[in-house]
Amino acid sequence: MIVGCGTGDLAQAQADKFTRRLEAYCPEVEVERKEIGKDLLKAVADGTVDAAVLSMTHVPIDLDPALTIGAVMKRGAVEEALYPIPWEALKCGAIVGTSSMRRLMLFRTRKPGVRIKEISGSIEERMKKFDTEEYNSILFSKADLDLLDITKLVHTIDKHTIIPAPGQGAIGVVCRAGDSATLEILRNVNNRDSNTEVTIERGIMKAVGATIKDPVAVNAEVEDGLVSIIASSFLPDVPVHVQMTFPETKAEEKIKEIGDRLMRKA
């Protein structure tokens with residue numbers, strides 16, 4: 001099986017995790033890794049690779065119907081993290097780096113005195129910018145830092161304070177929808193609860209009509225057949241917050257209800 005991944009350190013770490021998991025459950029399957037640039041999903045669609053390993057926050061909400069999410073691996077930390085100054089130490093006027101509209105809007109709500117400054121690039125590039133530019137702290141996905149074994153001066157933010165992005169902390173594997181052989185293999189690395197959580201989060205995003213770049217935050221947690229949701233939407237601008245717990249069997253109708261509430265239809 002030919003598996004595509006990105007070229008950066010984080011993408012390589014995600015692919016390593018997938019390969020180890022697949023080798024543990026399907027040692028007979030030979031995996032050939034192929035580094036792809038920005039057209040990772042296109043490489044799956046055109047047959048260059050059989051599947052692509054990537055963060056679920058990078059999988060479009062309106063995924064090409066020729067493609068499907070073949071697996072969602074066991075989820076890592078869903079929270080955001082600050083480096084190197086913790087949340088409680090950020091005083092009025094502190095400068096925090098992020099390029100995410102969701103993070104920006106939530107920060108303005110929770111800590112209105114903090115200034116947000118644009119920052120982009122890989123984790124390594126953002127760390128270097130911290131050393132050379134004017135930032136007091138930078139926001140990262142905790143799961144991404146964990147994958148790269150970056151723990152020093154990393155401070156986790158409670159997920160109820162800064163609600164995560166849909167799919168945050170989850171590594172997905174996308175393949176062609178009609179590729180039954182690859183789908184059968186990917187079942188071995190799929191984590192049911194993580195897949196359910198991400199599917200619900202993405203369903204809510206679809207109900208709202210939002211993309212992964214929009215200022216909408218959604219987190220679902222599945223435990224013992226119950227789904228706990230926290231969500232915030234800043235579309236168009238005034239925030240709406242939803243918190244709800246329901247049986248997993250009611251997920252489909254609750255997705256619509258939550259979407260309606262976030263869009264102020266309920």
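Analyst: Helices (H or I, at least four residues) and strands (E, at least two) are DSSP runs, numbered from the N terminus. This is a predicted model, where local features need pLDDT of at least 70, side-chain atom pairs count only at pLDDT 80 or more, and totals for chains, interfaces and linings use all residues. Residues are numbered from 1 along each chain as its sequence is written, and side-chain values use heavy atoms, leaving out hydrogens and water.

User: Which element gives the largest share of the lining of the second largest pocket?

Analyst: Helix H7 (192-208), with six residues. A pocket is an open set of points on a 1 Å grid over the protein atoms alone, where a 1.4 Å probe fits, with protein on both sides within 12 Å along at least five of seven lines; lining residues have an atom within 4 Å of a point. Among the lining residues are Asn 195, Val 198 and Arg 202. Strand E4 (67-72) also gives two or more residues to this lining.

User: What makes Ile 123, Arg 126, Met 127 and Phe 130 in helix H4 (residues 123-132) count as buried?

Analyst: Buried means under 20% relative accessible area and exposed means over 50% (1.4 Å probe, protein chains only), so these four residues of H4 fall under the 20% limit.

User: How do you know which side of H4 they are on?

Analyst: They cover an arc of only 105° around the axis, which puts them on the same side of H4; the arc is that of the directions from the helix axis to the C-beta atoms. On the other side of H4, Lys 128, Asp 131 and Thr 132 are exposed.

User: Why is strand E10 (residues 171-176) called mostly covered?

Analyst: Five of the six residues of E10 are buried.
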